[in-house]
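Hi,

Here is the structure I promised to send over. Have a look at it first, and then read on for my notes.

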Amino acid sequence: MKKWNTLNVSHEVIRTFVRKGDICIDATAGRGFDTIFLAELVGDCGKVYAFDIQQEAIDSTNLLVQSKGIGNVTTILDSHTNMDSYIDGGVSCITFNFGWLPKGNHKICTRPDTSIIAIDKGLELLKDNGIMSLCIYYGKDTGFAERDAILEHLTTIDSNRYTAIVTNFSNRPNCPPIFALIVKGV
């Protein structure tokens, strides 16, 4: 039996929207797992852009991409707040994993101010019926302020242009991650 978690939910939703040839963004490359997932969905005729501010994350993602022999990924050592400097639009899916680099320094993490800017810029890059997947990891000594700021910000997104959905794992202990989905179009 499959154990459901935030990432499983995210991937199941993404599978229903992303097609071969699409353009996708992994806004928080991390260890590259979402990058690879997106690259396999869009195929050789599609494109994935993966952003991270940490060289360790970019290196990890590049190693994974190379080990899988995938050629449709561009990694970018830059903040996700600058994604609109690299991509003009027509994006089918943007993924975010807010928090810190897995097995990395927890003091280097996403922050509410830059995360909200990145969300807003990403929304403008989405094509009609494009989606944004947000996995919000919080707990320990970081993330609560970001969690609260993102959840509050989602309530302010224009409901005439986007649909925002938030899910919770109600019966999971220890600050279970939150999955949110934004779909362009109503």
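The protein has an accessible surface of about 9100 Å², and carbon and sulfur atoms hold 52% of that (areas come from the Shrake-Rupley method with a 1.4 Å probe; for residues, only the protein chains shown count as cover). Please keep in mind that this is a predicted model: local features need pLDDT of at least 70, side-chain atom pairs count only at pLDDT 80 or more, and totals for chains, interfaces and linings use all residues. Residues are numbered from 1 along each chain as its sequence is written, and side-chain values use heavy atoms, with hydrogens and water left out.

Of the 186 residues in the protein, 51% are buried (buried means under 20% relative accessible area, exposed over 50%, and partly exposed in between, with a 1.4 Å probe and protein chains only).

On the overall fold, there are 5 helices and 7 strands, which follow the pattern α-β-α-β-α-β-β-α-β-α-β-β along the sequence. The protein is as compact as a globular protein of its length, because its radius of gyration of 15 Å is close to the 16 Å that the globule rule gives for 186 residues. That radius is taken over C-alpha atoms, and the rule is 2.2 Å times the number of residues to the power 0.38. Helices (H or I, at least four residues) and strands (E, at least two) are DSSP runs, numbered from the N terminus. The C-alpha trace spans about 40 × 40 × 40 Å along its principal axes. Among contacts with a separation of 6 or more, 72% are between residues 24 or more positions apart, where contact means heavy atoms within 4.5 Å.

Now to the aromatic rings. The count comes to 3 aromatic pairs (rings of Phe, Tyr and Trp, the last by its six-membered ring, pair if their centres lie within 6.5 Å; planes under 30 degrees apart count as stacked, over 60 as edge-to-face and the rest as tilted). One of them joins phenylalanine 51 and tyrosine 86 edge-to-face, at 5.5 Å centre to centre and 70° between the planes. This pair links distant parts of the chain, 35 residues apart: phenylalanine 51 belongs to strand 2 (residues 47-52), and tyrosine 86 to the loop between strand 3 (73-77) and strand 4 (91-98). Phenylalanine 51 is buried at 0% relative accessible area, whereas tyrosine 86 is partly exposed at 39%.

Tyrosine 138 and phenylalanine 144 also pair edge-to-face, because their ring centres are 5.5 Å apart and their planes are at 70°. Tyrosine 138 is buried at 12% relative accessibility, and phenylalanine 144 is partly exposed at 31%. Arginine 147 lies over the face of tyrosine 138, 4.7 Å from the ring centre (a charge sits over a ring if NZ of Lys or CZ of Arg is within 6 Å of the ring centre and within 35 degrees of the ring normal). Likewise, the charged end of lysine 47 sits over the ring of tyrosine 49, at 5.7 Å from its centre.

How many disulfides does a search of the whole structure find? The search gives 0, with a disulfide being a pair of cysteine sulfur atoms within 2.5 Å. For cysteine 93, the closest cysteine sulfur is in cysteine 24, and the 5.0 Å between the two sulfurs is too far for a bond. Cysteine 93 is buried, at 0% relative accessibility, while cysteine 175 is partly exposed at 29%.

Best wishes
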